[in-house]
Amino acid sequence: MLVEDLKRGLYSAVIEGDSEKALGYARELLNTGLDVKQVITDVLAPAMRVVGDMYERGEYFIADLIASAEAFKQVFDNILKPRLTSSTISKGVVAVFGTVRGDIHELGKNIAKALFEAEGFEVIDLGVDVSPERFAEVVESRKARIVGLSALMTTTMIEQEKVIEELKRRGLRESVIVIVGGAPVTEDWVRKIGADMCGDDAFKALKKVKELLGAV
Amino acid sequence: MPKPSLTTLSRGEALEIHSRALDLLSRVGVRFEDPEVAKILLDAGATRVDDRVLIPEEIVSEALRNTPKKIDFYDRDGKRVATLGDNALIFNPGSAAIKILDYGATEPRTPTLEDLRNLIVVVENLEFIDAQSTALVPGDTPIEIRDAVRLYPILRYSRKPVITGAFTVENLSVMLEMLKVVREDAWKRPFTIFDACPSPPLSWSRVTSRNVIDLAKAGVPSEIVSMPGLGATAPVTIVGAATLHHAEVLSGVVLAQVVSRGAPVIYGGSPALMHPRYGTPLIVAPESLLVSLIYRDLARFLELPSHTYMGLSDSKLVDYQAGAEEAYSALVAALAGFDVISGPGMLEFESVQSLEKLVLDNEVCGLVKRILRGFGMSVEEIALEVIEETVLKRGGNFLPHPHTRRYLRREVHVPRVWDATPRSRWSVRSVYDEAHAIVTKLLEEGPSHELSPDVLTELNRVYEKLWKRAGSEPKYV
């Protein structure tokens with residue numbers, strides 16, 4: 001099979017929530033010599049985005065989301081993760097991830113979490129509907145160097161700004177790298193609220209985080 | 001007298017589901033959080049595999065043979081109000097709401113003990129809501145006694161029977177003591193039913209299993225309310241959820257009978273469909289109602305009194321959805337012949353109560369009861385002579401005929417709040433506004449069936465003890 005066919009196969013298998021098929025395609029894809037990171041950016045992340053959209057449109061139910069998330073996890077844990085090399089720079093560094101208050105979407109956050117974990121970071125997942133106070137508390141108590149704030153809706157994006165305000169109020173803003181992610185997040189928004197980077201491309205974000213950590 | 005009724009399962013179908021549930025109990029078994037409770041069943045002949053208690057068919061059959069088929073049910077003052085097991089049709093407010101929705105509000109708030117008292121005063125005056133329930137969980141009382149304090153205003157201000165339940169092992173005995181000071185033979189001629197819920201799938205918490213045991217020992221009726229969540233804690237298929245439900249209820253019946261042979265037990269339930277998109281528990285979804293209809297027939301097959309959570313709504317407001325869900329679920333439950341129907345007043349997945357909705361639901365219950373009463377078939381009622389006379393000699397007008405007046409009140413139910421006025425007499429108010437006016441009036445009039453002063457003194461003594469245990473001074477309402 002051609003690489004493009006395998007990619008399409010993996011893409012559909014994740015959307016359909018067929019773990020077994022997804023594992024098969026992923027294995028073959030890596031055998032063609034395709035880079036792990038490309039599998040994620042070209043196939044898995046877009047597939048999960050489609051799954052999220054289908055849920056929003058009412059075509060997919062919770063049971064479907066769970067099946068797709070499981071297919072993603074199986075492929076990531078069993079096939080991709082073992083081939084990712086963690087860097088020394090991430091060792092012992094705590095990253096706190098969560099979906100902001102009022103928002104319960106976690107597909108994007110979970111992809112970022114998987115990548116950061118694979119890279120060797122210690123990821124604390126606060127789940128969904130997380131208040132600014134809770135983010136700040138955990139950043140403070142766990143001495144986190146990275147905080148990732150996910151928001152899928154334009155109505156909840158504003159919460160990302162509130163988290164940054166809360167971090168500032170507690171004097172934590174300078175000690176932590178703030179990543180904001182989610183469909184409506186743009187570079188303009190990142191600048192406007194004073195975050196450090198946009199998490200729309202998890203690999204780019206990861207690279208930038210490592211640069212920043214290295215520079216400190 | 002012909003009456004409408006609704007059956008869902010044939011005898012053969014009921015037997016099949018019953019057999020499958022027996023199979024579940026003997027092969028998969030039930031998990032009891034409390035090892036001492038598990039031991040009671042093991043001593044009675046059940047076996048253990050890992051942390052599960054496997055209950056063989058013989059024990060279940062023996063328990064069913066010993067369970068009373070009928071339970072006479074009384075009011076606070078000792079008057080018999082119904083026989084459970086005879087399609088008693090006792091509507092009562094959906095219980096243990098953690099919020100109350102005020103008139104005109106869109107956000108519900110945490111209720112107080114005062115709110116519960118007001119609810120009780122309103123329900124006491126609603127003719128077709130036959131029993132009270134510990135309908136609100138008052139947020140202004142100490143958390144460790146929040147179950148038991150709810151009984152106080154009911155016993156004080158209402159004559160109606162009570163559907164209740166405990167959230168703790170310890171407070172149940174205080175609740176039973178409160179009943180006993182109100183009427184010495186409160187346990188022998190019961191006016192309360194206590195709910196006890198297994199935790200799906202096929203497991204029992206320490207508190208609820210202990211409650212079943214303590215109630216059985218006291219001889220107080222318990223209602224085993226299984227709550228399968230279709231697509232979450234139970235299969236998404238209707239019959240799969242009903243089979244699981246049945247097995248759970250049977251495990252509760254067995255526990256009660258093993259502890260005390262002949263203990264009164266009611267076959268209850270509150271099935272809910274997990275919404276496929278939002279994960280919310282829909283009590284009034286058609287799928288949930290179908291599970292209730294199935295187990296109603298299983299209870300009938302086993303000749304056990306039955307209970308359900310219907311006659312309520314999952315809507316957030318007292319709106320079109322609330323009225324529609326209320327009416328069709330209440331009617332379906334009544335047609336199926338449930339003895340106890342918990343639900344009126346309730347909104348939002350069994351979490352919110354509304355006084356206005358209670359008044360409106362009372363209308364629904366009245367209409368439903370009218371339908372269920374059916375009609376007579378006497379010669380007088382067939383009225384052949386009246387028809388002949390009116391058609392041939394009275395110009396076809398039945399209104400002035402004495403037969404009309406003779407039967408009018410008996411035959412016709414006239415709702416009070418439902419709008420049936422001609423436009424010229426219409427008050428230009430919605431039924432929701434009318435309901436609020438009634439609530440306001442009832443609260444202004446205040447309680448009507450207060451406990452006699454000497455009994456109240458005794459009740460206050462037990463109530464005070466309860467509060468002291470929580471380290472507080474009692475709050476009287």
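**Entry 1: L126(B) and its contacts**

Setting aside neighbours within four places in sequence, I found L126(B) in contact with L358(B), V359(B) and N362(B); two residues are in contact if their C-beta atoms, placed from the backbone, lie within 7 Å. The C-alpha atoms of L126(B) and N362(B) are separated by 6.2 Å, although the two residues are 236 residues apart along the chain. I placed L126(B) in the loop between α4 (113-124) and β8 (132-133) of chain B. Helices (H or I, at least four residues) and strands (E, at least two) are DSSP runs, numbered from the N terminus.

Is L126(B) buried or exposed? I noted it as buried, because 22 other C-beta atoms lie within 10 Å. A residue is buried if 20 or more other C-beta atoms lie within 10 Å of its own, exposed if 12 or fewer, and partly exposed in between, with C-beta atoms placed from the backbone.

**Entry 2: Conventions**

I noted that residues are numbered from 1 along each chain as its sequence is written, and that chains are lettered from A and ligands numbered from 1 in the order in which they are written. In this predicted model, local features need pLDDT of at least 70 and side-chain atom pairs count only at pLDDT 80 or more, while totals for chains, interfaces and linings use all residues.

**Entry 3: Chain B as a whole**

I recorded 16 helices and 20 strands in chain B. The radius of gyration of chain B is 23 Å, close to the 23 Å that the globule rule gives for 477 residues, so chain B is as compact as a globular protein of that length. The radius is taken over C-alpha atoms, and the rule is 2.2 Å times the number of residues to the power 0.38. Along the principal axes, the C-alpha atoms of chain B fill a box of roughly 80 × 60 × 50 Å. Of the 477 residues, 49% count as buried. Among contacts in chain B with a separation of 6 or more, 75% come from residues 24 or more positions apart.

I also looked up the domains: chain B is divided into domain 1 (65-373) and domain 2 (379-411), with bounds from an automatic or database domain assignment. Their C-alpha centres lie 43 Å apart.

**Entry 4: A helix pair in chain A**

I examined α1 (residues 3-16) and α2 (residues 19-31) of chain A, whose axes come within 8 Å and cross at roughly 155°. Axes are lines fitted to C-alpha atoms, for helices over the stretch in contact, and angles run from 0 to 180 degrees between N-to-C directions. The helices α1(A) and α2(A) are therefore roughly antiparallel; angles under 35 degrees count as roughly parallel, over 145 as roughly antiparallel, 65 to 115 as roughly perpendicular and the rest as oblique. Residues of α1(A) in the contact include L6(A) and L10(A), and those of α2(A) include Y25(A) and L29(A).

**Entry 5: Loops of chain B**

I found a cis peptide bond joining P200(B) and P201(B), with omega about -5°. P201(B) is in the loop between β10 (192-196) and β11 (203-204) of chain B, and L202(B) lies in the loop between β10 and β11 too. Phi of L202(B) is near 55°, a positive value in a residue other than glycine. L202(B) counts as buried, with 21 C-beta neighbours inside 10 Å.

I then turned to E348(B), in the loop between β19 (346-347) and β20 (352-353) of chain B. Phi of E348(B) is near 50°, a positive value in a residue other than glycine. E348(B) is buried, with 22 other C-beta atoms within 10 Å.
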